[in-house]
Amino acid sequence: DLSSDLLVNKVRANMDEARFRHCQGVSITARKLAKLNNYDEDKAALAGFIHDYAKQVANDEFIRVIKDPKNNFNQDLLNWNRAIWHGIVGTYFIKRDLSITDSEILTAIKRHTTGDVEMTTLDKIVFVADYIEPGRSFSGVDEAREVTFSNLDAGVGYELAHTLQFLANNRQKIYPKTLAAYNVWGIKKE
Ligand code: DGI
Ligand code: FE
Ligand code: FE
Ligand code: FE
């Protein structure tokens, strides 16, 4: 768990200082959101802390892991990039290096960049904590914080709508799960 110096030091050693501070911010925010939403605070804090463990893994390393038949990754991942890989393929490195076996934590990390049609409370907490942690400073982040702290599902919807808008504005390819998640969580409910 998070009280292990070994785990903290492994995470610190796998990324630069700015990314490590982001992970600490996501961890603190995930803990707060867990308390507000009656979820296990320690588990949320741990998932938040390690969510970007693989953020700075090299492209050729991601590609090697995706191509290795032992790992059973969908080969369509090769048509995407590190923005998509670091969560989904990141779980391989988290299992290997950090000995994390909790499937709820691994699923939340898998889903943290794109969201998904089905999201557990932990999935939602990590997804939005990543977006609103204290170190984030994009325009709209204060509104995202207000929305998310008043209602977790509304925070998920806000983030998906704004991420889709951002990607389209920059003419970036939309990962099908991001779009499918938007169609569930992002749209206005009657
Ligand atoms: O790892 P972080 O920077 O903390 O945050 P993240 O994992 O939520 O997102 C990383 C990047 O992924 C962010 O710049 C937006 C991008 N992204 C999210 N959904 C999609 C996407 N990029 C593409 N091309 N397509 C998507 O659907
Ligand atoms: Fe990430
Ligand atoms: Fe995110
Ligand atoms: Fe992150």
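Modeller: What follows is a set of questions and answers on a predicted model.

Biologist: What is the mean pLDDT of the protein?

Modeller: The pLDDT is the predictor's confidence in each residue, from 0 to 100. In this model 99% of the residues reach 70 or more, and even helix H1 (residues 5-13), where confidence is lowest, has a mean of 97, while helix H8 (residues 121-132) is highest at 99. For the protein, the mean pLDDT is 97.

Biologist: How many helices and how many strands are there in the protein?

Modeller: Reading from the N terminus on, the elements run α-α-α-α-α-α-α-α-α-α-α. The count for the protein is therefore eleven helices and zero strands.

Biologist: Which radius of gyration does the protein have, and what would a compact globule have?

Modeller: The C-alpha atoms fill a box of roughly 45 × 40 × 25 Å, taken along the principal axes. Among contacts with a separation of 6 or more, 60% come from residues 24 or more positions apart. Because the protein has 190 residues, a compact globule would have a radius of gyration near 16 Å, and the value for the protein agrees, at 16 Å.

Biologist: What share of residues 19-135 is helix?

Modeller: This range comes from UniProt, where an unreviewed entry lists residues 19-135 for "domain: HD". The end C-alpha atoms of the range are 10 Å apart. Strand makes up 0% of the chain over these residues, and helix makes up 62%.

Biologist: How many residues of helix H3 are buried?

Modeller: A residue counts as buried if 20 or more other C-beta atoms lie within 10 Å of its own, and 37% of the 190 residues of the protein do so. In H3 (residues 41-50) the buried residues are Lys-43, Ala-44, Ala-45, Leu-46, Ala-47, Gly-48, Phe-49 and Ile-50, and what covers them includes H1, helix H2 (17-36), helix H6 (90-98), helix H7 (103-110) and H8. Helix H3 is thus mostly covered, and of its ten residues the buried number is eight.

Biologist: Where is Asn-72 found, and is Asn-72 buried or exposed?

Modeller: Asn-72 has a positive phi of about 55° although it is not a glycine. Asn-72 is found in the loop between helix H4 (59-67) and H5. Because Asn-72 has 6 C-beta neighbours inside 10 Å, this residue counts as exposed.

Biologist: Which loop holds Arg-171?

Modeller: Arg-171 has a positive phi of about 50° although it is not a glycine. With 6 C-beta neighbours inside 10 Å, Arg-171 counts as exposed. The loop that holds Arg-171 is the one between H10 and helix H11 (176-186).

Biologist: Which elements give two or more residues to the shell around ligand 1?

Modeller: Ligand 1 is surrounded by 16 residues, and the closest are Ala-83, Thr-113, Gln-172, Tyr-175 and Thr-178. The elements that give two or more residues to this shell are helix H5 (82-88) and helix H10 (152-169).

Biologist: How many residues in that shell are charged?

Modeller: Sorted by class, the shell around ligand 1 has four nonpolar and eight polar residues. The charged residues in this shell number four.

Terms used
Residues are numbered from 1 along each chain as its sequence is written. Chains are lettered from A and ligands numbered from 1 in the order in which they are written. This is a predicted model: local features need pLDDT of at least 70, side-chain atom pairs count only at pLDDT 80 or more; totals for chains, interfaces and linings use all residues. Helices (H or I, at least four residues) and strands (E, at least two) are DSSP runs, numbered from the N terminus. UniProt positions are given in the numbering used here, feature names are shortened, and annotations may be inferred rather than shown by experiment. A residue is near a molecule or strand if its C-beta atom, placed from the backbone, lies within 6 Å of it. Ala, Val, Leu, Ile, Met, Phe, Trp, Tyr, Cys and Pro count as nonpolar, Asp, Glu, Lys and Arg as charged, and the others, Gly among them, as polar. A residue is buried if 20 or more other C-beta atoms lie within 10 Å of its own, exposed if 12 or fewer, and partly exposed in between; C-beta atoms are placed from the backbone. Two residues are in contact if their C-beta atoms, placed from the backbone, lie within 7 Å. The radius of gyration is taken over C-alpha atoms; the globule rule is 2.2 Å times the number of residues to the power 0.38.
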